[in-house]
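Please view the structure before reading on.

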Amino acid sequence: MSRKPYIREISKTRWFLRQPRYMRYMAREVTCIFIFAYTFLLIVALARLSQGPDAFQEFLNALRSPLGVLFNLAVLIAAVYHSMSWFNVTPQAMPIQQGEEFVPGSIIVGAHYGAWAVISLIILFLGV
Amino acid sequence: MSEERQIQLEVLRYNPETDSQPRFQTYTVPCVNEWVVLDALNYVKENLDPTLSYRWSCHMAVCGSCGYMINGEPKLGCKAFIHEYGDHIRVEPLAHFPIERDLVTVVEDFIAKLASVKPYLIPKEDKPISAGEFKQTPAELMKFKQYTLCINCMLCYAACPQYGLVPEFLGPAAISMAHRYNQDSRDGGRDQRQEVVASDEGVWECSFVGACSEVCPKHVDPAGALQQVKVASTIDWYKEHLMPWVKK
Ligand code: SF4
Ligand code: FES
């Protein structure tokens, strides 16, 4: 008997609309655009700094404008979502075995959040 | 007595001899709540339409042959209870695989990929039988036990959008199986497996959507295995390029 398998085509551009879990994945991936944008902003900051104090002051003022604040807020939200989505999967990528048991995932995730909090506090402390 | 409920069972049909494309056919099935979707399919086959084709064997989530898309989600037909669904259940062949006939998919691709990772023990050194068995501690067993639970049901391939888009991708179960043997203290075959596993179509095709682990009926966590393989392969790369004097 001859075979004639049928192949179902998948949309290359809209595949992620099929499933909520694909959309969650896309959300995680899209947040890195914001992180890229912020990295770019830091490079602009360096460029302005190299042009002297006036130029840098102008840059700082622009950051304090409503648009600048809005941008920073959007990046903050995106970065928090991005980091959390990665923290939450660390037990899968880095399981820790002790004897016959695995360290519970909540401890590995918790350690990441703890380290995050400590580093944020240090940066805050150095900043003020 | 168990409650009986009329279910509209919508099944994707495809007959390669007469159809140019698949079509849905709906059957009205009197179900008992304790039934699983596979029971409903068997009811159709026995009472309504003997031409319906689908794979199954064990009816106890062991053989891995009854994977279907049930209401769009990859599931084992023998583990998907009717009481978890409404009165309308849609059953389709596993996504991302070509359809052979009705719910039967073409699985050669997966079988070939599984074989390509050498899913068997490759002992570190030859040992005559008289030298006795290879011993293993419970802790050494724990390191890979979870991956031995895979039943090759391919639900993870049906869930993986990457496999759907790039059919060359070695995929979750095959790589997890390679990882299972790599993690085995008795095994010495990792270098041989890495040629396939660490290739472009291997683990690096994975972008960690994580869908495979969400649908796996055996809690193998293939997504976790793949990330661990990535970490180990990255360490290999650094060792090779930055510390060539270090022996693997
Ligand atoms: S890893 Fe899980 S979903 Fe994939 S084939 Fe094995 S048992 Fe099935
Ligand atoms: S029939 Fe064997 S796994 Fe469902």
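How many cavities of 30 Å³ or more does the rule count? The count is 2, a cavity being a set of points on a 1 Å grid over the protein atoms alone where a 1.4 Å probe fits but cannot get out. This is a predicted model, in which local features need pLDDT of at least 70, side-chain atom pairs count only at pLDDT 80 or more, and totals for chains, interfaces and linings use all residues. Residues are numbered from 1 along each chain as its sequence is written, chains are lettered from A in the order in which they are written, and side-chain values use heavy atoms, without hydrogens and water.

The largest cavity has a volume of about 120 Å³, taken as the space filled by probe spheres set on the points. Its lining comprises 15 residues, and C160(B), C206(B), V209(B), G210(B) and C212(B) are the closest to its centre. The second largest cavity holds about 100 Å³. Of the 14 residues that line this second cavity, those nearest its centre are C150(B), C153(B), C156(B), A173(B) and C216(B). Lining residues have an atom within 4 Å of a point.

Between the chains, 27 residues of chain A are in contact (heavy atoms within 4.5 Å) with 44 residues of chain B. Across this interface the rule finds 5 salt bridges, each a side-chain nitrogen of Lys or Arg within 4 Å of a carboxyl oxygen of Asp or Glu. A salt bridge joins the side chains of R21(A) and E73(B), at 2.6 Å from N to O.

Notes: On a 1 Å grid over the protein atoms alone, a cavity is a set of points where a 1.4 Å probe fits but cannot get out, and a pocket is an open set with protein on both sides within 12 Å along at least five of seven lines; lining residues have an atom within 4 Å of a point.
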